[in-house]
Amino acid sequence: MKDKMVLEFWDRSEYLDMKNKTYRNSIKSLINEKLREDFYNKDITTNSLISKNQEIKAIIAAKQNGVIAGLEEISAFLKNNGIKIIKKNEKDGATVRKSIIILEIYGNARKILSYERALLNIMQRMSGIATLTNNTKKLIKNNCFISGTRKTLFPLIDKKAISIGGGLTHRLNLNDSVLIKDNHLRLLENNIEKALILATRNKKAKYIEIEVKNEKEALEAASAIKKIKSKKLFAIMFDNMEASIIKNTIKKINNYKNYDYNNKKIILFEASGSINEKNILEYSKTGVDVISLGFLTHSVKAFDMSLYLAR
C-alpha cells in the first residue's frame with residue numbers, strides 16, 4: 001500500500017511518452033531548437049561535399065556499457081523528417097555492451113549528417129542519466145526509491161531518462177504538487193502549521209510536502225499534519241540532515257500516539273541534499289521512502305555513442 005502511495009506522490013512518468021501531446025510537442029521544440037542553434041540547414045561542410053540527392057545507410061552504436069534512453073524521441077523525429085528506421089536492435093531501458101548497434105537508419109545523406117550532433121547529444125545525455133540512475137539504484141538494494149530533482153536545464157527529457165533508469169521523476173513542474181521550502185516558511189515567519197493549513201486549502205493541491213532542516217521542525221510538521229482534517233497526501237522532506245538524525249526522527253514520528261497506518265494520514269518521507277554514491281546506502285536505511293538526487297542530472301557524464309555510415 002505504501003509503495004503505491006510513494007509512486008502516486010513522486011512519479012509522473014506516465015506523462016513522459018511520445019503519445020502524450022504535451023510531451024511530444026516539448027521534444028519536437030527541443031530538437032528543433034538544438035538544430036537551429038547548430039545551423040543544421042547551413043552545414044557548409046556537408047553542403048559543399050555531398051550531393052543533395054545522395055542517400056545513405058547509417059548506424060548508431062554504443063561505445064560503452066550502460067542503459068539506453070532517448071530512442072523513442074529521436075526515432076519519432078527521424079520518421080517525421082523522412083528518415084527510415086530500418087531496424088531498432090535495442091529499446092529504451094535495455095542494458096547494452098560496448099560496440100552494440102542500437103539503431104539502423106536510411107535516408108538523405110545531408111539530412112542525416114546535419115541532424116547527427118543534435119540528436120546524438122540528446123540520446124547521449126538521456127542514456128548517461130539512465131545509466132547513472134540504474135547504477136545508483138543498485139547501491140541501495142531496494143531499501144527505498146530514488147528520484148531526480150528540478151536541478152536541470154532539460155526537465156522533461158531528464159526526468160524521462162531517470163524513469164528509464166529505474167528512478168522516480170519527482171515534480172515535473174511547479175504546478176505538479178505543493179513543496180513548501182525554507183524561503184516560503186521565512187515569508188510566513190517560519191510558521192510550519194500555518195503553511196500546511198494554507199496549502200491544504202488549495203483545492204487543486206493533492207500532494208503536499210514540506211521541507212525541514214532539523215528534528216524540531218520535522219516533529220512540528222508531523223504534529224500539524226496529524227491535526228489537519230484532509231485526505232490529501234503529505235510528505236516531509238529532510239533537507240541536508242545527517243542520516244542518523246533522520247532515522248531517529250522518523251522513529252519518533254512513527255511512534256506518535258494514535259498514529260494509524262490504516263487511516264489516510266500516512267506521512268511519507270524524503271531525504272535530500274548532500275547525498276552521493278558514498279553515503280546513499282546509509283540514507284536508504286533511515287526509513288525514508290525516497291531519496292532525491294540532484295547529481296543524476298546536473299552533472300551527469302554523457303553516454304559514449306557514435307553514428308557511423310554503414311557499408
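Which backbone oxygen lies 3.2 Å from a polar atom of the side chain of Asn 279? Select Asn 279 together with Ser 274: the backbone oxygen is that of Ser 274. Asn 279 sits in the loop between β10 and α11 (280–284). With 19% relative accessibility, Asn 279 counts as buried (buried means under 20% relative accessible area, exposed over 50%, partly exposed in between; 1.4 Å probe, protein chains only).

The model is predicted: local features need pLDDT of at least 70, side-chain atom pairs count only at pLDDT 80 or more, and totals for chains, interfaces and linings use all residues. Residues are numbered from 1 along each chain as its sequence is written, and side-chain values use heavy atoms, with hydrogens and water left out.

**The parallel sheet**

Next, display the open sheet of 6 strands, in the order β6-β11-β10-β9-β8-β7, with parallel pairing. Helices (H or I, at least four residues) and strands (E, at least two) are DSSP runs, numbered from the N terminus; two strands pair if DSSP finds at least two bridges between them. β6 (145–147) and β7 (178–180) are the edge strands, each with a single partner, so one side of each has no neighbour in the sheet. From one strand to the next, the twist averages 25°.

Select β9 (residues 233–239) and β10 (residues 267–272), which are joined in the parallel sense by 6 bridges. Ile 236 has Phe 269 in β10 as its bridge partner. Helix α10 (residues 243–254) packs on the sheet and touches β9 and β10, its direction making about 170° with that of β10. Contact means heavy atoms within 4.5 Å; axes are lines fitted to C-alpha atoms, for helices over the stretch in contact, and angles run from 0 to 180 degrees between N-to-C directions.

**The nonpolar cores**

A nonpolar core is a set of buried Ala, Val, Leu, Ile, Met, Phe, Trp, Tyr and Cys residues joined through side-chain atoms within 4.5 Å. The largest has 82 residues, of which Leu 196, Ile 236, Phe 238, Val 288 and Ile 291 touch the most other members. Helix α5 (residues 109–139) gives the most to this core, with 12 residues. Another core, of 11 residues, lies apart from it and includes Met 5, Trp 10, Tyr 207 and Leu 268.

**Strand β1**

Finally, select β1 (residues 55–62), where 6 of the 8 residues are buried. β1 runs antiparallel to β5 (residues 101–108), with 7 bridges joining them; Lys 57 has Tyr 106 as its bridge partner in β5. β1 also pairs with β12 (residues 305–309), in the antiparallel sense over 5 bridges.

Conventions
A polar contact is a pair of N or O atoms within 3.5 Å; within protein, one must be able to donate a hydrogen and the other to accept it, and residues adjacent in sequence count only if both atoms are side-chain atoms.
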